[in-house]
Every structure is written in structure tokens, then in C-alpha cells.
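Please read this briefing alongside the sequence and the coordinates. The topics run from the overall fold to single residues.

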Amino acid sequence: ARMPARERACRSCKFITTKNRCENCGSTDLTQNFSGMIIIVDEERSEIAKELGLKKGAYAIRVA
């Protein structure tokens, strides 16, 4: 049985991914050690996304 893919946060931009490379910024500096999550569903209508410059996706709040 295959293990489920683990979520990791990018240390550069905090984007959360299950891949080996961040789809948001291309960094490979990823960690499983993160806490909190912001999920952007519609970056056009999200005030937080505009303020933080985020695209659609999940982002860690704190990354170790």
C-alpha cells in the first residue's frame, strides 16, 4: 500500500504542496513542520489574498 502524500510547506512563500517542488515559486526548500493554514479560493474577491499577494491555494501561517 502506498503512503498518502504528505503536505509540506514551502519555506520561501509558505505555499502548501504534496509535490517535491513548490508549484507557486519553484523552490524545493519544503518542510512538514508548519502550523496554521490560509486557503484562498477566489483571489479576485479575497481582501486577504490582495493584501498578502497570494494566488489560489493553501498557505501555511507559520513555517519552521
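This is a predicted model: local features need pLDDT of at least 70, side-chain atom pairs count only at pLDDT 80 or more; totals for chains, interfaces and linings use all residues.

Residues are numbered from 1 along each chain as its sequence is written, and side-chain values use heavy atoms, with hydrogens and water left out.

**Overall fold and surface**

- Along the sequence the elements follow the pattern β-β-β-β-α-β, and the C-alpha trace spans about 40 × 25 × 20 Å along its principal axes.
- Of the 64 residues in the protein, 28% are buried, where buried means under 20% relative accessible area, exposed over 50% and partly exposed in between, with a 1.4 Å probe and protein chains only.
- Among the contacts with a separation of 6 or more, 36% join residues 24 or more positions apart, a contact being heavy atoms within 4.5 Å.
- The protein exposes about 4,800 Å², of which carbon and sulfur atoms supply 48%; accessible areas come from the Shrake-Rupley method with a 1.4 Å probe, and for residues only the protein chains shown count as cover.
- There are 12 positive and 8 negative side chains, and the centres of the two sets lie 9 Å apart. In this count Lys and Arg are positive and Asp and Glu negative, while His and the chain ends are not counted, and each charge is placed at NZ of Lys, CZ of Arg, CG of Asp or CD of Glu.

**Cysteines and the nonpolar core**

- A search of the whole structure finds zero disulfides, a disulfide being a pair of cysteine sulfur atoms within 2.5 Å.
- The cysteine sulfur closest to that of Cys10 belongs to Cys25 and is 3.7 Å away, which is too far for a bond. Cys13 is likewise in no disulfide, with the nearest cysteine sulfur, that of Cys22, 3.6 Å away.
- Cys10 is buried, with a relative accessible area of 0%, whereas Cys13 is partly exposed at 22% relative accessibility.
- Leaving aside residues up to four places away in sequence, Cys10 touches Phe15, Cys22, Cys25, Ser27, Asp29, Leu30 and Val63.
- The largest nonpolar core has eight residues, namely Cys10, Phe15, Cys22, Leu30, Ile40, Ala49, Leu54 and Tyr59. Such a core is a set of buried Ala, Val, Leu, Ile, Met, Phe, Trp, Tyr and Cys residues joined through side-chain atoms within 4.5 Å.
- In soluble globular proteins, nonpolar side chains tend to be buried together.

- Ile38 lies in strand β4 and is partly exposed, at 26% relative accessibility.
- The C-alpha atoms of Ile38 and Tyr59 are 5.1 Å apart in space, although the two residues are 21 residues apart in sequence.
- Not counting residues up to four places away in sequence, Ile38 touches Leu52, Gly57, Ala58, Tyr59 and Ile61.
- Val41 belongs to the loop between β4 (34–40) and α1 (47–52), and at 62% relative accessibility Val41 is exposed.
- Val41 and Gly57 are 16 residues apart along the chain, with 6.7 Å between their C-alpha atoms.

**Two lysines**

- Lys14, in the loop between β1 (8–10) and β2 (16–17), has a positive phi of about 70° although it is not a glycine. Most residues other than glycine have a negative phi.
- Lys14 is partly exposed, with a relative accessible area of 33%.
- Lys50 is located in helix α1 and touches Glu43 and Glu44, not counting residues up to four places away in sequence.
- From Lys50 to Gln32 the C-alpha separation is 26 Å, for residues 18 apart in sequence.

Note on methods
Helices (H or I, at least four residues) and strands (E, at least two) are DSSP runs, numbered from the N terminus.
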